[in-house]
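These are my notebook entries on one structure, written as I looked things up. The sequence and the model come first, then the entries.

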Protein chains: 4
Amino acid sequence: MLNIGILGCGRIGQVHAGSIAHVDGASVAAVADAFPEAANALAGKTGASVMSADEIIASDGIDAIVIGTPTDTHFDLIQAGAKAGKAIFCEKPVDMSSDRIRQCIETVDAHGVMFLTGFNRRFDPGFAAIQARIAAGDIGNVELVTILSRDPSPPPVSYIKSSGGLFRDMMIHDFDMSRFLLGEEVVQVYATGSALVDPAIGEAGDVDTAVAVLTTASGKICQISNSRRATYGYDQRVEVHGAGGLLRAENMRENNVEIATEQGFRSAPAQNFFLERYAGAYVAEMKHFVECVASGTSPSPNIRDGLAAQMIADAAAQSLETGVPVKLG
Amino acid sequence: MLNIGILGCGRIGQVHAGSIAHVDGASVAAVADAFPEAANALAGKTGASVMSADEIIASDGIDAIVIGTPTDTHFDLIQAGAKAGKAIFCEKPVDMSSDRIRQCIETVDAHGVMFLTGFNRRFDPGFAAIQARIAAGDIGNVELVTILSRDPSPPPVSYIKSSGGLFRDMMIHDFDMSRFLLGEEVVQVYATGSALVDPAIGEAGDVDTAVAVLTTASGKICQISNSRRATYGYDQRVEVHGAGGLLRAENMRENNVEIATEQGFRSAPAQNFFLERYAGAYVAEMKHFVECVASGTSPSPNIRDGLAAQMIADAAAQSLETGVPVKLG
Amino acid sequence: MLNIGILGCGRIGQVHAGSIAHVDGASVAAVADAFPEAANALAGKTGASVMSADEIIASDGIDAIVIGTPTDTHFDLIQAGAKAGKAIFCEKPVDMSSDRIRQCIETVDAHGVMFLTGFNRRFDPGFAAIQARIAAGDIGNVELVTILSRDPSPPPVSYIKSSGGLFRDMMIHDFDMSRFLLGEEVVQVYATGSALVDPAIGEAGDVDTAVAVLTTASGKICQISNSRRATYGYDQRVEVHGAGGLLRAENMRENNVEIATEQGFRSAPAQNFFLERYAGAYVAEMKHFVECVASGTSPSPNIRDGLAAQMIADAAAQSLETGVPVKLG
Amino acid sequence: MLNIGILGCGRIGQVHAGSIAHVDGASVAAVADAFPEAANALAGKTGASVMSADEIIASDGIDAIVIGTPTDTHFDLIQAGAKAGKAIFCEKPVDMSSDRIRQCIETVDAHGVMFLTGFNRRFDPGFAAIQARIAAGDIGNVELVTILSRDPSPPPVSYIKSSGGLFRDMMIHDFDMSRFLLGEEVVQVYATGSALVDPAIGEAGDVDTAVAVLTTASGKICQISNSRRATYGYDQRVEVHGAGGLLRAENMRENNVEIATEQGFRSAPAQNFFLERYAGAYVAEMKHFVECVASGTSPSPNIRDGLAAQMIADAAAQSLETGVPVKLG
């Protein structure tokens with residue numbers, strides 16, 4: 001039995017606690033949160049003990065920690081957790097600073113602890129099936145990847161201001177997905193964007209509509225588009241062209257019903273909420289974490305994947321600012 | 001060059017004349033119609049001569065006739081045409097009376113002329129592909145066939161009164177399709193129906209909503225449903241279940257555009273008009289006719305197929321009246 | 001808190017216990033099974049007590065029972081449960097004999113207990129959405145309903161022999177669905193069928209491929225087709241035609257990925273297992289049960305719905321045997 | 001009656017002659033080709049006279065010319081045709097040199113002749129419907145356009161060498177489409193590409209896999225991807241995101257049949273050939289030309305649209321070469 005401590009009992013911490021209930025061989029042993037009510041509520045649901053984060057990290061009875069606290073606290077918790085020999089499941093982004101992620105890699109390596117970066121979309125059944133088919137050679141050499149992500153509606157401008165910007169906050173998921181599907185490192189990034197959804201986002205120095213073009217050393221290309229708005233639900237699609245064919249994943253719909261009238265055939269909007277859309281992905285992600293700890297294998301995505309995505313995001317932000325493509329590595 | 005005489009220059013005669021323009025090795029040599037304006041108009045478009053039906057049948061320069069006149073004139077034209085040695089393309093139904101179709105078969109056989117019954121749907125690219133895949137064994141032994149046909153809106157009640165009823169006028173296409181796809185003769189028919197679309201249709205002694213269940217000697221089953229109304233276009237679908245899988249044909253849409261909004265994803269209605277829906281089928285049907293004449297092979301569907309469908313329609317009408325299944329053959 | 005006793009800890013009892021965990025205000029208080037290992041296993045998972053069925057029914061601490069035992073035990077459990085004042089959730093069929101279901105109705109009515117019949121498909125998000133849209137008038141008056149159910153593969157012949165036959169064992173779900181969607185009682189049934197999947201099923205006196213045609217007093221028609229085989233997954237579809245349009249529910253697929261190659265576009269098979277396909281339906285069904293108990297409203301489907309479906313199944317079996325339509329009511 | 005002279009009787013000249021047969025009020029009066037056999041063949045089909053291009057332009061009996069000759073002959077024919085007062089339908093590209101297109105605009109303007117540039121895709125029923133819905137405000141302000149074009153297989157390298165490169169030869173269609181859908185001029189282009197399909201294309205100095213990012217003054221963005229290879233047919237898709245929703249056009253399939261087996265659901269490849277895919281577009285394009293001549297209105301796309309697309313193509317080629325975005329205008 002893997003005893004897990006949940007650090008951060010907000011929305012994402014609750015999701016991970018719920019996932020653990022579906023994973024054999026793992027249980028929520030303790031929970032911590034800066035707000036006692038949040039910790040108590042999650043403890044009530046899971047039967048876990050309430051402790052402080054420090055107590056959890058110090059406890060011999062805890063084997064692994066799930067870090068779902070605010071991003072600016074990740075660094076210290078990773079440092080402490082790694083030194084205490086805990087297996088670490090850390091929400092993305094590992095840190096806003098690539099340099100600090102490099103420091104975390106050093107500590108994690110030095111103490112030989114297992115580290116999973118929470119890019120949950122790798123575990124979506126559709127996207128995972130696409131990657132498995134690529135790996136199986138079903139479409140031959142990958143040539144062109146197209147990724148589209150659109151949120152149903154923008155977050156508050158207050159959130160935008162501290163988010164690190166669209167590339168580090170939102171498109172970072174797609175940067176990880178591009179590496180997952182291209183199977184090769186990105187060497188150059190061009191990005192551009194506009195504030196079309198809400199002028200206030202532009203005034204806050206960010207964009208809400210953006211595209212990026214990524215290229216690899218062998219000439220593979222990845223196109224990404226993002227928007228903070230999609231009236232028809234949470235739009236999450238991937239399309240991969242290879243020498244032998246095409247793989248693509250459509251959106252999940254709210255239901256499978258169609259109505260036909262004089263106006264034509266109408267089917268349901270896309271599932272609107274990320275927790276619903278990626279419910280299966282979160283459970284699969286936790287299973288992978290627990291299996292990696294049990295078997296001693298390195299997870300995918302690991303901490304270096306976290307760094308790589310952050311570096312692409314930094315390059316994209318720089319490209320937007322400078323107006324020219326930015327080289328990586 | 002096959003010189004063809006068109007008997008009847010109404011809507012369907014015009015369709016067949018238009019098809020002939022797309023078929024190499026055939027041309028419209030002469031046209032006939034009880035209304036001189038109709039004949040003149042079609043002659044103007046095709047460059048054909050205007051003659052009477054009798055003249056066309058008597059002419060040595062005409063090799064084949066296309067009969068698109070009112071159903072009650074088919075019998076005499078078939079008799080005369082067969083005796084004159086013309087290849088015959090006759091619109092469905094061959095005749096409202098199975099006995100008279102049998103007489104036509106005798107004459108056609110006696111004079112050894114080629115005869116195609118105009119069940120155009122066998123030539124629809126989708127339905128033809130399904131039949132070809134069945135014949136190729138792609139789904140193994142056929143077990144269950146489901147056919148759905150819905151007209152966009154009912155014809156005038158005046159038409160209904162002289163139509164022979166829904167089973168002989170509308171579902172007869174599906175009876176032919178059932179034989180085409182089952183690959184085995186129908187031995188029993190159960191049919192029921194209601195006047196739900198328009199009470200006047202019921203008062204005229206007919207139904208506008210109907211289903212039939214057909215069974216074969218080996219136990220294969222075919223379900224058919226018909227309605228005189230479909231708000232979302234001309235609904236024409238076929239589904240075949242075999243031991244190894246399913247084959248199905250969806251409707252043709254007006255275009256391939258989808259709009260997504262808060263209300264979900266909406267695509268275009270089905271093509272609304274039979275001439276548009278079956279445009280390709282009419283051309284393929286004429287090609288088949290011309291090729292059969294050229295090669296001396298018997299067409300599919302031939303005159304016996306015309307009789308078989310009529311007999312199923314008769315049995316369905318009798319089942320509706322008596323309330324019990326009716327045996328055939 | 002509604003304290004529930006689970007009678008029968010086999011596959012379906014486990015499903016219902018799992019559903020209760022997702023329903024606020026309800027918990028599994030006790031479990032019973034003829035096999036102690038089964039009861040102990042489910043008690044271990046849920047934290048419930050192991051009791052005998054009699055003890056559960058006699059216990060003051062139990063408010064409701066879920067009957068998931070073999071069909072021939074339902075009658076006695078319903079009688080005892082109703083007399084003890086328990087709310088009852090009973091798996092379909094209530095009983096193989098319509099007369100005995102009528103006796104249960106008397107007892108249930110006499111003691112004023114709440115009774116839900118476990119036709120889970122009414123709670124499928126797609127089928128429930130169709131019924132809600134019909135009720136909202138989105139397609140006007142319902143005219144024609146088409147229901148298709150195909151199991152991935154036939155059960156063992158030993159099961160077939162004690163199943164009551166395809167109409168009472170399998171198509172009964174569709175009979176309930178027909179009433180749910182037609183919104184009007186069925187007055188006549190015609191059914192036919194064959195043993196095409198497995199001759200041994202025929203030798204056991206049953207069919208494995210069957211259709212039924214149901215009609216209502218106002219002339220609405222419902223077509224049903226069933227097969228014990230579908231190579232491409234568990235095929236469960238509903239299509240409803242009304243005066244104003246069409247509502248239909250497609251199958252749920254294993255995932256939303258498509259691959260395109262020279263062979264065309266290929267997407268995943270239908271979800272293959274009923275527990276996966278109807279996972280959401282089982283939870284919604286239990287929520288409805290718990291809400292009905294809490295609010296004192298009669299559930300849908302209730303015990304009279306269980307009787308009505310059984311009577312249609314009896315009529316269908318009689319129609320298959322006699323070869324003619326059978327009147328109901 | 002508009003009397004049209006066809007200049008160039010190759011594949012595209014034959015397409016346009018065929019389209020004219022479907023347009024009321026227009027006829028092919030004369031045809032010209034450097035190869036007498038080609039001219040004679042098309043004259044035989046259409047009943048037109050064979051003349052030289054000079055004779056056609058000089059003829060008082062000819063009202064309009066369709067230029068389907070090699071690109072390097074367009075300039076002289078446009079100059080002569082405009083001076084002779086002919087309405088001009090010119091295949092894309094107008095010329096490989098933007099400067100020479102500007103000279104053509106001067107002459108066309110000076111002589112007040114009507115000029116349509118043959119970007120046939122604007123007339124595709126799907127793409128035209130999308131533009132019409134944008135114009136009708138169905139999705140509000142356009143924010144992001146995604147265009148994908150993939151040819152089934154690359155042309156011979158000999159063709160590549162004289163083609164002007166992928167951006168001027170292939171993606172130019174998408175550049176025109178971007179302007180058609182964005183409704184605003186493109187002010188900057190970033191493009192990149194690789195030779196992944198065939199190294200010989202790279203050795204010839206061109207790319208076969210490419211993307212471009214276009215931006216407008218108000219911040220709208222268009223993504224384009226092209227490949228010279230698509231195993232599953234001719235891939236032609238457009239997707240437009242606006243403030244109120246999404247419009248997209250899927251590919252046309254070879255037929256509407258689906259087969260379901262253990263391997264899942266398989267439907268037909270995309271229509272494989274551009275003449276089949278855009279058959280309807282070519283006819284609609286010719287109708288628009290004839291109507292514009294009849295009504296004296298300026299066609300869309302006109303000669304300035306031809307110039308604008310060429311300038312974007314030039315900028316994209318320059319961006320590929322220099323590695324940085326290129327500004328326009």
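**Entry 1: conventions and the A–D pair**

To compare copies, I superpose them by least squares on the C-alpha atoms of residues with pLDDT of at least 70 in both. I am working with a predicted model, in which local features need pLDDT of at least 70 and side-chain atom pairs count only at pLDDT 80 or more, while totals for chains, interfaces and linings use all residues. Residues are numbered from 1 along each chain as its sequence is written, chains are lettered from A and ligands numbered from 1 in the order in which they are written, and side-chain values use heavy atoms, with hydrogens and water left out.

I laid chain A on chain D: a turn of 180° with a shift of 0.0 Å along the axis gives an RMSD of 0.0 Å. The C-alpha of chain A nearest the axis belongs to A:V324, at 2.8 Å. The two copies use the same surface, since 100% of the contact residues of chain A recur in chain D. Contact here means heavy atoms within 4.5 Å.

I then looked up the interface itself. In it, 41 residues of chain A are in contact with 41 residues of chain D. About 3100 Å² is buried between chain A and chain D, and carbon and sulfur atoms give 54% of this. Buried area is the accessible area (1.4 Å probe) that two parts lose on being put together, summed over both.

How many salt bridges are there between chain A and chain D? The count is six, a salt bridge being a side-chain nitrogen of Lys or Arg within 4 Å of a carboxyl oxygen of Asp or Glu. A:E143 pairs with D:R229 in a salt bridge, with the closest N and O atoms 2.2 Å apart.

**Entry 2: the C–D pair**

I superposed chain C on chain D by a rotation of 180° with 0.0 Å of shift along its axis, again reading an RMSD of 0.0 Å. The two copies are therefore related as by a two-fold rotation axis. Of the residues of chain C, C:R266 comes closest to that axis, its C-alpha lying at 2.1 Å.

**Entry 3: a glutamate in chain A**

I found A:E258 in strand β13 (residues 257–261) of chain A. Helices (H or I, at least four residues) and strands (E, at least two) are DSSP runs, numbered from the N terminus. Is A:E258 buried or exposed? It counts as buried because its relative accessibility is 19%; buried means under 20% relative accessible area, exposed over 50%, and partly exposed in between (1.4 Å probe, protein chains only). Leaving aside neighbours within four places in sequence, A:E258 is in contact with A:F265, A:R266, B:R253, C:L246, C:L247 and C:R248.

In chain A, helix α9 (residues 172–182) has 11 of its 11 residues buried. A:G183 follows α9(A), and its phi is positive, near 70°. A network of salt bridges links A:R122, A:D176, A:R179, A:E185 and A:D305.

In chain B I looked up the salt bridge of B:R179 with B:D305, whose closest N and O atoms are 3.0 Å apart. B:R179 is in helix α9 of chain B and B:D305 in helix α13, 126 residues apart. Both B:R179 and B:D305 are buried.

C:R304 and C:D109 meet in a salt bridge at 2.6 Å, N to O. The pair links helix α13 (residues 303–322) with helix α5 of chain C, 195 residues apart. C:R304 counts as partly exposed at 44% relative accessibility, and C:D109 as partly exposed at 41%.

D:R228 forms a salt bridge with D:D151, the closest N and O atoms being 3.5 Å apart. D:R228 counts as buried at 2% relative accessibility, and D:D151 as buried at 16%. Over all chains, I note 76 salt bridges by this rule.

**Entry 4: cis peptide bonds**

I noted a cis peptide bond between B:S300 and B:P301, with omega about 5°. B:P301 sits in the loop between α12 (279–295) and α13 (303–322) of chain B. Another cis peptide bond joins C:K92 and C:P93, with omega about -10°. C:P93 is in the loop between β5 (87–91) and α5 (98–111) of chain C.
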